[in-house]
Amino acid sequence: MDEKEKSFNQTENEEKEAPSVEEKAVDFEEEDSTLAEKDGVKYETNDNWQFDAEAPSLEDSIVLENEHFKIDIDNSSVKEKPVSRKKYENNAEEIVPSDVVAAVKKPKNELLKFIPLALFVAAVIAVLTVLGIRYYTVPNGKEGDMMNPGSVVAEIDGTNVSIGMFNYYYSSIVSYYEQYANYGYFDLDTSTDYALQYTTDDEGNKITWEDFFKNECLKEIETTTAYYNAGIAAGVTLTKAQQETVDSQIESLKESASEANVTLNQYIAANFGKYCTEETLRLMLEQYYITANYKGMLACDSNFSDEEINKYFEENKDDFKAISFSYLAFEYDTTDEDTEKDSIETAKGYMKKMTDDKSVKALVPEVYADYIKNDAQSAMESDSSLSEKDALADATKTYEQNTVASITGSDSPFDDDITKWLFSDETEIGSTNYYIDEDSGYLYAVLKTEKPTLLDDNTYSVRHILIMPESDEDSEGTEEYTDEQWSAAEKEAKKILDEYNNGDKTEYSFALLAEEYSDDTASTSASSSGIFGGLYEGTTEGEMVPEFENWSLDSSRKYGDTEIVKSDYGYHIMYFVTSGPQYKSDIIAELRNEKLDKISEESNVKVHNSIVENAIDIYEDSKVSASDSDSDAAADGSVYDE
């Protein structure tokens, strides 16, 4: 989307692209004559993340959300206990599936049982002779029916998940936390073994960071696979544009691999994780788009009654209220009990001085003195004409502005106790409380400055397909469009609307046309915002261009209305969905999410824990070998079979 198109969407949401397989420069190992390839050791990171090192701010708090569902851990799959991958590679000892081991170790005494068992063992030996031990132990980098048992990390509703897919997600998740940890958002030492560091999970249990990463990875994979399976069962397919995107990303990797003088799968494994192949990336992208399309289809088919909406509201009123408050952030020293106590006492001392917005701002120069000084110094280094006095004044003003925050009950950065305290009618204005975020290492002193209010601003939900005039390559701005270009865009818009009217005229069919034709990619699955089919949901007045908004806010609108509207950015093929108070559109979104959650919660999940642990070992070894040029790639598991 170019700058003109960005300005069309006047919301505060930053446009994001769909999953990208953009690569980084990496080193590669030589080919191994005994195996198909020997890969590099670096793991994937997302180059799209940006970081601004600032003092603690609630607006900067990282809130990570994942779908949750039960995992049935099956330690008996593949082998009875984790086996060193060095044994896999060196064949130091014979390894067979645990069900075969059990059959051989526990023969029945009855004579009639002996002959069938002998035949069974003979059959197993024959299979191992033909397929080899490696078939059951060493991942082969394949997907689907060609995946061997040694590659299967989990089974979700009968769909096998490969170790390559696990490594792709695992390295991405670890990289995400490592980068944010470097900026102080998480209490994670990236130079120390993650199996020796601890954090807390969503239920408050103390677990190692390694287990945390593993759990987050499995949640992500299981949820995506469950939605993907449901989408396939519902007949959802990739759009033409989505398939072209998948192909173009793979082609881009092929070009990069060629420039690096390595094979495509070597390049992919080096960038995205061990045993990750072209097949893995194609499947990952397909799953992403099928999931987006399936969610989009459910959104079109989700019609909730007023009774359902009102019931949900009565049960979750605070989730649909907003409140503003003032706060100060203090470093929370977790060195020992004494330092933790000192941190709390320091914050409490300042809380006694927090009575209103003005008093909180007055404490900023003292509480944030070091931050202000550092920011002022950086500003003067960037701008030599800036005086120290002005630099300090500017920095102070910035921190004063950051003492006020607004949240809703459904997106509170606090735990349940502080959130309930803040939104409770029994909590008087002027009351103070504090919240400790041990992961980030900060204590937030909170001052209640107002009563919560219901989110009842009028909103509307519409879908649209934007057709922009095709400008000359050297032209800039909408004023450069010629009459012929505008005419061609209008003709194209009318053609698309006719295609819709000649079809089944459902919301989903309109959404599919938006996916195929719309130039506003921020409202389609081409972005990673989760939006599908040209949808703008719960839009408030003032967010969109006047022509778009005037049509949408017309009181005569009813569900399914369509029309072509012209704005400075092109022709919008409009589809009206609904209008009403903001909390109503939020409830509809929540009810729809509950339907999605039910799909993942009811999925049949079986995790092969020993292979998961082996995958984590491979990842950890790859980090070591990345800094050790003499490491043996075959021993650290950085190879896969074609």
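Ring pairs link Tyr 176, Tyr 177, Tyr 180, Tyr 185, Phe 186, Tyr 194, Trp 209, Phe 212 and Phe 213 into a cluster. Rings of Phe, Tyr and Trp (its six-membered ring) are paired if their centres lie within 6.5 Å; planes under 30 degrees apart are called stacked, those over 60 edge-to-face, and the rest tilted. The structure is a predicted model, in which local features need pLDDT of at least 70 and side-chain atom pairs count only at pLDDT 80 or more, while totals for chains, interfaces and linings use all residues. Residues are numbered from 1 along each chain as its sequence is written, and side-chain values use heavy atoms, with hydrogens and water left out.

The structure holds 36 aromatic pairs. In one of them, the ring centres of Tyr 177 and Phe 213 are 5.6 Å apart and the planes meet at 55°, so the pair is tilted. Because Tyr 177 belongs to helix H6 and Phe 213 to helix H7, this pair ties together parts that are 36 residues apart in sequence. Helices (H or I, at least four residues) and strands (E, at least two) are DSSP runs, numbered from the N terminus. Both Tyr 177 and Phe 213 are buried, where buried denotes under 20% relative accessible area, exposed over 50%, and partly exposed the range in between (1.4 Å probe, protein chains only). Trp 209 and Phe 212 form an edge-to-face pair, with 5.2 Å from centre to centre and 75° between the planes. These two residues, Trp 209 and Phe 212, both lie in helix H7, three residues apart, about one turn of the helix. An α-helix has 3.6 residues a turn, so residues three or four places apart point the same way. Trp 209 and Phe 212 are both buried.

A nonpolar core is a set of buried Ala, Val, Leu, Ile, Met, Phe, Trp, Tyr and Cys residues joined through side-chain atoms within 4.5 Å. The largest such core has 63 residues, and those with the most contacts inside it are Phe 166, Tyr 177, Leu 188, Trp 209, Phe 213 and Leu 281. Helix H6 (residues 163-181) gives the most to this core, contributing 12 residues. A second, separate core of 35 residues includes Tyr 332, Val 360, Tyr 442 and Tyr 444.

Tyr 442 and Tyr 444 belong to strand E10, from which they point one way together with Val 446 and Lys 448, whereas Leu 443, Ala 445 and Leu 447 point the other way. E10 is mostly covered, as seven of its seven residues are buried. Two strands pair if DSSP finds at least two bridges between them. E10 pairs with E7 in the antiparallel sense over seven bridges, and Ser 326 has Leu 447 of E10 as its bridge partner. Six bridges join E9 to E10, and these strands also run antiparallel; here Thr 432 stands opposite Leu 447. E9 and E10 form a hairpin with four residues between them, and Gly 441 in the turn has a positive phi of about 80°.

Helix H17 (residues 416-423) packs against this region. Its buried residues are Ile 418, Thr 419, Trp 421, Leu 422 and Phe 423. They pack against strands E7 (321-331), E8 (404-408), E9 (432-437) and E10 (442-448), a contact being heavy atoms within 4.5 Å. At the start of H17, a side-chain oxygen of Asp 415 reaches to within 3.3 Å of the backbone nitrogen of Asp 417.

Most residues other than glycine have a negative phi. Tyr 275, although not a glycine, has a positive phi of about 65°. Tyr 275 lies in the loop between helix H9 (264-272) and helix H10 (278-301), and its relative accessibility of 2% makes it buried. Lys 505, with a positive phi near 55°, lies in the loop between helix H18 (483-501) and helix H19 (507-517). Lys 505 is partly exposed, at a relative accessible area of 48%. Thr 239 is found in the loop between helix H7 (209-233) and helix H8 (240-259) and is buried, at 11%. Leaving aside neighbours within four places in sequence, Thr 239 is in contact with Asn 293 and Glu 515.

Overall, the protein chain has 22 helices and 17 strands. Of its 642 residues, 48% count as buried.

Notes. Polar contact = N/O pair within 3.5 Å; in protein donor to acceptor, adjacent residues only side chain to side chain.
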